[in-house]
Amino acid sequence: MPQETGQRIPLVIVGNKSDLIDEREIETSEGEKLAASWGCSYYEASARTSTNITPIFEDIVRQLRRNDALRREERERDPARKKRRHMVKKCVVL
Ligand SMILES: Nc1nc2c(ncn2[C@@H]2O[C@H](COP(=O)(O)OP(=O)(O)OP(=O)(O)O)[C@@H](O)[C@H]2O)c(=O)[nH]1
(Lines give C-alpha, C1' and ligand atoms only; values in the text may rest on other atoms or scores of the structure.)
Protein backbone atom coordinates (compact mmCIF):
# COMPACT_ATOMS: atom_id res chain seq x y z
CA MET A 1 0.00 0.00 0.00
CA PRO A 2 2.68 2.63 0.81
CA GLN A 3 4.27 1.85 -2.56
CA GLU A 4 0.98 2.54 -4.34
CA THR A 5 0.67 6.13 -3.11
CA GLY A 6 4.25 7.02 -4.10
CA GLN A 7 4.30 9.32 -1.06
CA ARG A 8 5.94 9.06 2.32
CA ILE A 9 3.02 8.70 4.65
CA PRO A 10 3.66 7.67 8.26
CA LEU A 11 2.14 4.27 8.75
CA VAL A 12 1.67 1.81 11.59
CA ILE A 13 -0.75 -1.06 11.97
CA VAL A 14 -2.46 -1.25 15.35
CA GLY A 15 -4.54 -4.09 16.71
CA ASN A 16 -6.66 -2.47 19.42
CA LYS A 17 -8.36 -3.98 22.48
CA SER A 18 -5.40 -6.20 23.32
CA ASP A 19 -6.75 -6.39 26.88
CA LEU A 20 -9.66 -8.54 25.65
CA ILE A 21 -7.44 -11.60 25.50
CA ASP A 22 -10.25 -14.16 25.22
CA GLU A 23 -11.89 -12.34 22.32
CA ARG A 24 -8.85 -12.20 20.04
CA GLU A 25 -9.78 -12.42 16.36
CA ILE A 26 -6.42 -11.74 14.66
CA GLU A 27 -3.26 -13.66 15.50
CA THR A 28 -0.16 -11.59 16.26
CA SER A 29 1.69 -13.38 13.46
CA GLU A 30 -1.00 -12.30 10.99
CA GLY A 31 -0.61 -8.63 11.98
CA GLU A 32 3.17 -8.87 11.82
CA LYS A 33 3.00 -10.47 8.39
CA LEU A 34 0.78 -7.68 7.04
CA ALA A 35 3.05 -5.03 8.59
CA ALA A 36 6.13 -6.65 7.01
CA SER A 37 4.43 -6.61 3.60
CA TRP A 38 3.59 -2.91 4.06
CA GLY A 39 7.04 -2.11 5.45
CA CYS A 40 5.75 -0.73 8.74
CA SER A 41 5.54 -1.63 12.43
CA TYR A 42 2.82 -3.65 14.05
CA TYR A 43 1.52 -2.91 17.54
CA GLU A 44 -1.06 -4.49 19.73
CA ALA A 45 -2.57 -1.83 21.95
CA SER A 46 -5.29 -1.23 24.45
CA ALA A 47 -7.01 2.10 24.86
CA ARG A 48 -8.47 0.76 28.08
CA THR A 49 -5.18 -0.11 29.78
CA SER A 50 -3.05 2.43 27.83
CA THR A 51 -0.85 -0.36 26.57
CA ASN A 52 1.51 0.67 23.74
CA ILE A 53 -0.19 4.02 23.11
CA THR A 54 2.97 6.12 23.63
CA PRO A 55 5.24 3.88 21.47
CA ILE A 56 2.73 4.13 18.61
CA PHE A 57 2.77 7.94 18.62
CA GLU A 58 6.57 7.98 19.05
CA ASP A 59 6.89 5.72 16.02
CA ILE A 60 4.72 8.08 13.94
CA VAL A 61 6.67 11.16 15.05
CA ARG A 62 9.97 9.39 14.22
CA GLN A 63 8.63 8.62 10.74
CA LEU A 64 7.53 12.25 10.24
CA ARG A 65 10.99 13.50 11.26
CA ARG A 66 12.73 10.98 8.99
CA ASN A 67 10.48 11.98 6.07
CA ASP A 68 11.22 15.67 6.67
CA ALA A 69 14.97 14.99 6.68
CA LEU A 70 14.72 12.95 3.46
CA ARG A 71 12.66 15.67 1.79
CA ARG A 72 15.25 18.30 2.81
CA GLU A 73 18.09 16.14 1.46
CA GLU A 74 16.26 15.65 -1.84
CA ARG A 75 15.65 19.39 -2.13
CA GLU A 76 19.34 20.15 -1.43
CA ARG A 77 20.42 17.65 -4.09
CA ASP A 78 18.09 19.09 -6.77
CA PRO A 79 20.37 20.96 -9.24
CA ALA A 80 17.45 23.01 -10.57
CA ARG A 81 16.90 24.39 -7.08
CA LYS A 82 19.92 26.73 -7.04
CA LYS A 83 18.97 28.15 -10.42
CA ARG A 84 15.39 28.71 -9.30
CA ARG A 85 16.57 30.49 -6.15
CA HIS A 86 18.46 33.08 -8.21
CA MET A 87 15.42 33.68 -10.37
CA VAL A 88 13.06 34.43 -7.50
CA LYS A 89 12.08 38.09 -7.44
CA LYS A 90 11.51 39.41 -4.00
CA CYS A 91 9.02 42.06 -3.06
CA VAL A 92 10.14 44.90 -0.79
CA VAL A 93 7.52 46.72 1.26
CA LEU A 94 8.56 50.31 2.03
N1 LIG B 1 -11.73 -3.35 26.31
C2 LIG B 1 -11.47 -2.37 25.47
N3 LIG B 1 -12.47 -1.64 24.97
C4 LIG B 1 -12.19 -0.64 24.11
C5 LIG B 1 -10.87 -0.35 23.70
N6 LIG B 1 -10.89 0.68 22.82
C7 LIG B 1 -12.19 1.03 22.70
N8 LIG B 1 -12.97 0.24 23.47
C9 LIG B 1 -14.42 0.29 23.63
O10 LIG B 1 -15.00 -0.13 22.39
C11 LIG B 1 -16.20 0.61 22.16
C12 LIG B 1 -16.14 1.28 20.80
O13 LIG B 1 -15.12 2.22 20.83
P14 LIG B 1 -14.97 3.33 19.73
O15 LIG B 1 -13.83 4.18 20.11
O16 LIG B 1 -16.30 3.97 19.54
O17 LIG B 1 -14.50 2.50 18.47
P18 LIG B 1 -15.26 2.17 17.10
O19 LIG B 1 -14.20 2.02 16.07
O20 LIG B 1 -16.32 3.19 16.84
O21 LIG B 1 -15.92 0.77 17.41
P22 LIG B 1 -15.33 -0.69 17.37
O23 LIG B 1 -16.09 -1.40 16.28
O24 LIG B 1 -15.65 -1.30 18.71
O25 LIG B 1 -13.87 -0.65 17.10
C26 LIG B 1 -16.34 1.59 23.32
O27 LIG B 1 -17.21 1.01 24.27
C28 LIG B 1 -14.94 1.68 23.89
O29 LIG B 1 -14.92 1.95 25.25
C30 LIG B 1 -9.81 -1.15 24.25
O31 LIG B 1 -8.61 -1.01 23.96
N32 LIG B 1 -10.17 -2.14 25.12
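A residue counts as buried when its relative accessible area is under 20%. In this predicted model, 17% of the 94 residues of the protein chain are buried. The chain has 4 helices and 2 strands, and along the sequence they follow the pattern α-β-α-β-α-α.

**Chain as a whole**
- The protein chain has an accessible surface of about 8200 Å², and carbon and sulfur atoms make up 53% of that surface.
- Among contacts in the protein chain with a separation of 6 or more, 64% join residues 24 or more positions apart.

**Helix 3**
- Helix 3 covers residues 53-77, and its end C-alpha atoms are 37 Å apart.
- Ile56, Asp59, Gln63 and Asn67 are the buried residues of helix 3.
- These buried residues pack against strand 1 (12-15) and strand 2 (41-44).

**Ligand**
- Around the ligand are Asn16, Lys17, Asp19, Leu20, Ser46, Ala47 and Arg48.
- This shell consists of 2 nonpolar, 2 polar and 3 charged residues.
- In the side chain of Asp19, an N or O atom is 2.8 Å from a nitrogen atom of the ligand.
- Ser46 has a polar side-chain atom 3.4 Å from an oxygen atom of the ligand.
- Ala47 has a polar backbone atom 2.7 Å from an oxygen atom of the ligand.
- The ligand taken alone exposes 620 Å², and the protein buries 39% of that area.

Note on methods
Residues are numbered from 1 along each chain as its sequence is written. This is a predicted model: local features need pLDDT of at least 70, side-chain atom pairs count only at pLDDT 80 or more; totals for chains, interfaces and linings use all residues. Side-chain values use heavy atoms; hydrogens and water are left out. The expected span of a helix is 1.5 Å times one less than its number of residues. Buried means under 20% relative accessible area, exposed over 50%, partly exposed in between (1.4 Å probe, protein chains only). Contact means heavy atoms within 4.5 Å. A residue is near a molecule or strand if one of its heavy atoms lies within 4 Å of it. A polar contact is a pair of N or O atoms within 3.5 Å; within protein, one must be able to donate a hydrogen and the other to accept it, and residues adjacent in sequence count only if both atoms are side-chain atoms. Accessible areas come from the Shrake-Rupley method with a 1.4 Å probe; for residues, only the protein chains shown count as cover. Ala, Val, Leu, Ile, Met, Phe, Trp, Tyr, Cys and Pro count as nonpolar, Asp, Glu, Lys and Arg as charged, and the others, Gly among them, as polar.
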